[in-house]
Amino acid sequence: MNLLNISGSPHVHSDESTKKIMWRVNLALVPMLLCGIAYFGLNALLISLVSVAVCCLSQWLIEKFILKVPSTVCDGSAIVTGLLLAFNVPATAEMIWIVAIGAIFAIAVAKMTFGGLGKNPFNPALAGRVFLLISFPVQMTTWPTVGKWFPMSIDTTTGATPLSIIKEGGNVPMPELMDMFLGHIGGSLGEVSALAILIGAIYLLWRKVITWHIPVTFIGSAFILSGILWLCNPEQFMNPVATILVGGIMLGACFMATDMVTSPMTKMGQIIFGCGCGILTVLIRTWGSYPEGVSFAILLMNAATPLINKWCKPTRFAC
């Protein structure tokens, strides 16, 4: 009796799909969107809507008139890119239209130029953010102050972020750690509340969209290196807990470095990737020209992903 059933791959079947994964990521981003609206008002909502709309429209136009392929806008990946790009810009009124330029760049250049989802070597949202940072440095570093709960005005006042205070060596008092955790600090639209980011990350871990390897090693390596610097000179360097809570480390570690397209395939590769992101972030923050270094660190490690995959190859089960 023949006990072997020979068939072609894949041999492991699942009801998972790209569309389901992308929409789960969108759901995980909702807490950050709500916090952004709560702290920054209509600016946050308008920036997010413009970013998502332009990303979806750009992808649809390119697929229909240039690539001439069926549209994949409904898979939710363009919405993820739009939200993450919006979360990485200041919630000021002038950014409402500037973010549209970044959305076009993120989709048309960083994503669709390489063939679309699954083929882009760099995270599109981060590529769009860096493009805006280089093109509009003043607007991208003008931070609104956190207002009252659900402010309805789109007029904002600006203030320094904890990272800019440390970078410029100012005497302005630093916010309390609880304020940093909850989001009562200046910063980009979606990065201010570590609590909201953790809620979304826990959901993704629960649904097995991401694994712990990149977030834990990213945050852990940044914590250890910043802790060493702080112990050497606590007056010059930020303490490691504050280093993690301010800026884009939490958002980058949980939602952008974990992008399955631009991160390594194996667990060991992901650990190396996460450590590299954390170390580079602290080095750029400490000795670079910009107070923030998360975007540059992740993009640099995106470039190293093929080498990491070549070094950390998955186990072979057949010749």
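Predicted model: local features only at pLDDT ≥ 70, side-chain atom pairs only at ≥ 80, totals over all residues.
**Exercise 1. Find the aromatic ring that the charged end of K64 sits over, and give the distance to its centre.**

Solution. Now try R207: its charged end sits over the ring of W206, 5.3 Å from the centre.

**Exercise 2. Work out how the rings of W60 and F65 are arranged.**

Solution. Next, take the rings of W60 and F65, whose centres are 6.1 Å apart. Their planes stand at 90 degrees, so call this pair edge-to-face; the cut-off for that label is over 60 degrees. Last, check the surface: W60 has a relative accessible area of 35%, so it counts as partly exposed.

**Exercise 3. Describe how helix 1 packs against helix 10.**

Solution. Two packed helices are described by the angle between their axes and the distance between them, so grab those values. The axes of helix 1 (residues 18–28) and helix 10 (residues 194–206) come within 8 Å and cross at roughly 155 degrees. That angle makes helix 1 roughly antiparallel to helix 10, and the crossing is right-handed. Who touches whom? On helix 1 it's R24, V25, L27 and A28; on helix 10 it's G200, Y203 and L204.

**Exercise 4. List the buried residues of helix 1, then say what covers them.**

Solution. Going along helix 1, the buried residues are I21, M22, R24, V25, N26 and A28. Their cover includes helix 2 (30–40), helix 4 (77–87), helix 10 and helix 13 (249–256).

Methods:
Residues numbered from 1 in each chain as written. Heavy atoms only, no water. Phe/Tyr/Trp six-rings, centres within 6.5 Å; stacked < 30°, edge-to-face > 60°. Buried < 20%, exposed > 50% of the residue type's maximum accessible area, 1.4 Å probe, protein only. Lys NZ or Arg CZ within 6 Å of the ring centre and 35° of its normal. Axes fitted to C-alpha atoms, helices over the stretch in contact; angles between N-to-C directions. Helix = DSSP H or I, 4+ residues; strand = E, 2+ residues; numbered from the N terminus. Parallel < 35°, antiparallel > 145°, perpendicular 65-115°, else oblique. Left-handed = near helix turned anticlockwise from the far one by under 90°. Contact = heavy atoms within 4.5 Å.
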